[in-house]
Structures are given as structure tokens and as C-alpha cells.
Amino acid sequence: MGTEPIEKLEQDFLAYVKKIKAYEEALALIYWDLRTGAPKKGVGQRAEVIGILSGEVFDMQTSKEMAEFLEKLLPHQQQLSERTAGTLEECRKTYERSKKIPPNEYQAYTVLVSKAENVWEEAKEKADFSLFQPYLEQIVEFKKKFVRYWGYEGHPYNPLLDLYEPGMTVDVLDRVFKQVKDAIVPLVQKISMSEEKPDTAFLFHPFPKEKQKAFTLEILKQMGFDFEAGRLDETVHPFATGINQGDVRITTRYNENDWRVDVFGVMHEGGHALYEQHISKDLSGTPLAEGASMGIHESQSLFFENIIGRSFPFWKKNYPLLKQFASGQFDDVPLETFYRAVNEAKPSLIRIEADMLTYPLHIMVRYEIEKALLNDEIEVGELPEIWNAKYEDYLGIRPEHDGEGVLQDVHWAGGDFGYFPSYALGLMYAAQFKHAMLKSLPDFDKLVESGNLEPIRKWLSAHVHRFGKLKKPADILRDATGEALNPKYLIDYLTEKYTDVYRIKD
């Protein structure tokens, strides 16, 4: 095969992939509309359209045409541009994963999870795990079969991790999670015994929705969110969606009795959006124009929500602005008292309500359970008791019923095994990025205090955002920080922060 045929084949391949991306953009827009106020009577038809378009995407990703592109281009990968070679690799992984599963089994699995979510909702409402148990047992069995079809090295949980965090393994997670757990659990115990608890009562006074929105729009501007390439809307369950780099949409939920839901939620989703908005335009129209992994994506949202958004310099700058929009509840509250309040840490049963310190423990409970299920060490029927025991062991609290225990997350109903570790990895990545950033930006705190976040955003774009999926998560981290994943930075960050907030003395 000469140079000219390869160039033509490369162009045809990229055009084919661009067509797949066009379907995916349309799907993303439909999903956004569905979750931000589509009329209820249109939901049924909308779901059918989503099913048809999703089927088209799947068919194109596993078609004869795709097989021919892979067969002809893979032997010549070294001759292709970096963009094409990366796109080819992503398409190969998707093709091989999908083709290894018999179509009738995949269809049965798809039907199962579509039913399971409705059953999970009922089971959660009634706090009755037995309703959901038979569905979860089938989902777990499907996952075990899929893993066998794919093949794996080491632990059977590794292929599921790789879906969300390419290259991550159980061996690495076991090591870093143990280090974090061994540091956090004693710190949580010290905090529970501390007599210097922050006063938080003033946080829960009424704060009008429109005033919250006005404040968060100012914060988004400060973060560098490009309103000509994105928008902010309201929804029940906040999310960010990157339709393309020029159209990245974020949503929020307003709670007039707890303004933090909106403010920190917007900073979180805004961090996701900044990532998507600054992926290199050269990657447009390919599967590389996405975040490198769920963990790297979470690192960006958690960086802005927590590393910046819950820092003292940030509130030294923005507390006066918050007071302008609030209804007077902060007028007599000193800055330090306010800062300690928004950094309150205490064991809780619900993951999504957890503070930054205890959050990793919630993730470890789920990780250990998923890993044991996949390795046939435990059975689904044992989950409620195992869950409750782990919460008591790690957090010192025990759920009173399954609704606030093993049934609280929708992830397992959707078959999303391997997803949870990304949340804790995101925190570790964020802390490690911050440590590396200080070498280039030693005046980090002063920049935050002045409201000039642009140098920080530019550092993240240069080292993380622009690469999209062109680089693996481990390579992004190593190239940006000079080392592999190191939980020490998160441990040091949390220890220093919460020792200060709770005035803990050795």
C-alpha cells in the first residue's frame, strides 16, 4: 500500500468517524433537552428517538466499514498523524469490546438495566433491597460474563476500571486507597472529638434563587467560563455536557434554604466545562475531543469546587460579594467563622452530601464491594449487611434502613461498575496538580485572592485540557507533575486544612 492510498484511507476514516460524532452531538443535545425541561408528554417519543440514534452509533462503531478501516490502517499506524492514530486506537477499543459480546446477550443486558432503574427507584423509596436484589444479581452476572469475553490480566475488576479510567488497576487502587484511608479515618475520629466545631446555623437562612444565580454567574466569569461557548440552566440533577468545544452546557439546582448546593455545584460543573471548552480544536470531530478519563474530568471539577472554592483566599475575595447578594444573614459573621462553616466535616450516610474529607471513604466502601462481587468473594444478597458494617467501621455510623444505605446510588442499576473509584482519584489528581502548579505559580493564593484565576486556568489547559483523550490519564499526570499517582499530596492537603479548621492540637 503506497502513501497515497493511506492518505485517502485516512481521510475516509476520519470522515466516517466525524459522522459518528455528529450522531453523538445530536444525542447529547437531546439528552440535555430531556433533562432541562422537555414536556412530559414528549418523553416517550424522545426515549424512542434516543434508542434509534444510539443504535445507529453502535452499528457504525461495529460495522463492516469500521472493521475494514481497522484492518487496513492499524498496520500503518506509525505513518498516520497523531490525531488519526489516537482516533484509530479509540475506535479499535470500542470495536473489540462491543464485538466480543454476543448481540443477543448485549440486547438482553440493555433491556435489563432499563428495567432495573425503575425497580431501584421503587426499592429505594420503600427502603427494601429485596425488590432490587434479583435485578442486581442478573446485572452482576452479566458483568462477570462480559469480563470473561473481554479477557483480563490480574483482577477481573480491571477491565471495568479501564472503561472509566484507562490503565488503572486494582493493584494501584488498593495501594493508594489504603494510604488515604489510613490517614483519613484517624483524622475523622479526631474531628469528631474536637470541641472546636464550626458554627453553621447562619448558612441556612433563606437566600432567593435569583440572587444565588446572580452571584454564581459572577463566579463563573471569574473562573473563565466562556458564555459564548456555553450556558447555565436549571435541572433537578446537575450535570455538565460537552456537545462540542464551542457548546458546553452546565446545569444547577437551587435550594433557597441552602445556597451552597448552587454555588459549589456550579463551580463543580464549571470545572468540567472549562476542561471541555479548552480541548484542542484540532481534535474536533473525533472521539479524542473528550476528557481523558472520568478521574481526570473529576479532578478539574473538584479543583475548582474544593481546592479553589473552599479556600480561604477565595472567600477573602468573594465573601463581600456574597454578602451583597444575600439577605443579611452574613452581615455579622466574621470571614474566618464563615470559612470554617463552609469547610465543616462530619461523617454522613449519603455520599452526595459528604464533605471533602469523608468523601473518599464513601467511595472506598463501594470499590471494595464491587471488587469482591466481581471476584466471587461475596454475593449480592449479603450487600446490605456488608454495606452497613463498612460504614460503621470507616465512618462510625450505621444506616437505619437500605434507602440510606446500599440503595442510595443509581449506578449499579445502570450497570456502572468500575465508575466510583474515579471520584476519589479525581481528588488525588487535583491535589497533585495543585502541588505541581505551585512550582510555576508560587503566588497561587494571591492570584485566587485577587480574583485572577486566568493563570491557573491556563496552567490546567496547557497541562491537562488541550490533550483531550490524546494522552492516557497516567501520562497526563506524570507529564504535568513529574511523577505517577501519589496520594501523599491529598493526605497532606486534607490534614493541613482540617487540622486548621477544627483547631486540632497534637
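**View 1. Ala-127 is partly exposed, with a relative accessible area of 25%.** Here buried means under 20% relative accessible area, exposed over 50%, and partly exposed in between, with a 1.4 Å probe and protein chains only. The model is predicted: local features need pLDDT of at least 70, side-chain atom pairs count only at pLDDT 80 or more, and totals for chains, interfaces and linings use all residues. Residues are numbered from 1 along each chain as its sequence is written, and side-chain values use heavy atoms, leaving out hydrogens and water. Ala-127 lies in the loop between helix H5 (103-126) and helix H6 (129-150). Although Ala-127 is not a glycine, its phi is positive, at about 55°.

**View 2. Arg-503 follows helix H20 (488-501).** Helices (H or I, at least four residues) and strands (E, at least two) are DSSP runs, numbered from the N terminus. Arg-503, a residue other than glycine, has a positive phi near 50°. Its relative accessible area of 36% makes Arg-503 partly exposed.

**View 3. The protein chain contains 20 helices and three strands.** Its radius of gyration is 23 Å, close to the 23 Å that the globule rule gives for 506 residues, so the chain is as compact as a globular protein of that length. This radius is taken over C-alpha atoms, and the globule rule is 2.2 Å times the number of residues to the power 0.38. Along the principal axes, the C-alpha atoms fill a box of roughly 75 × 50 × 50 Å. Of the 506 residues, 53% count as buried.
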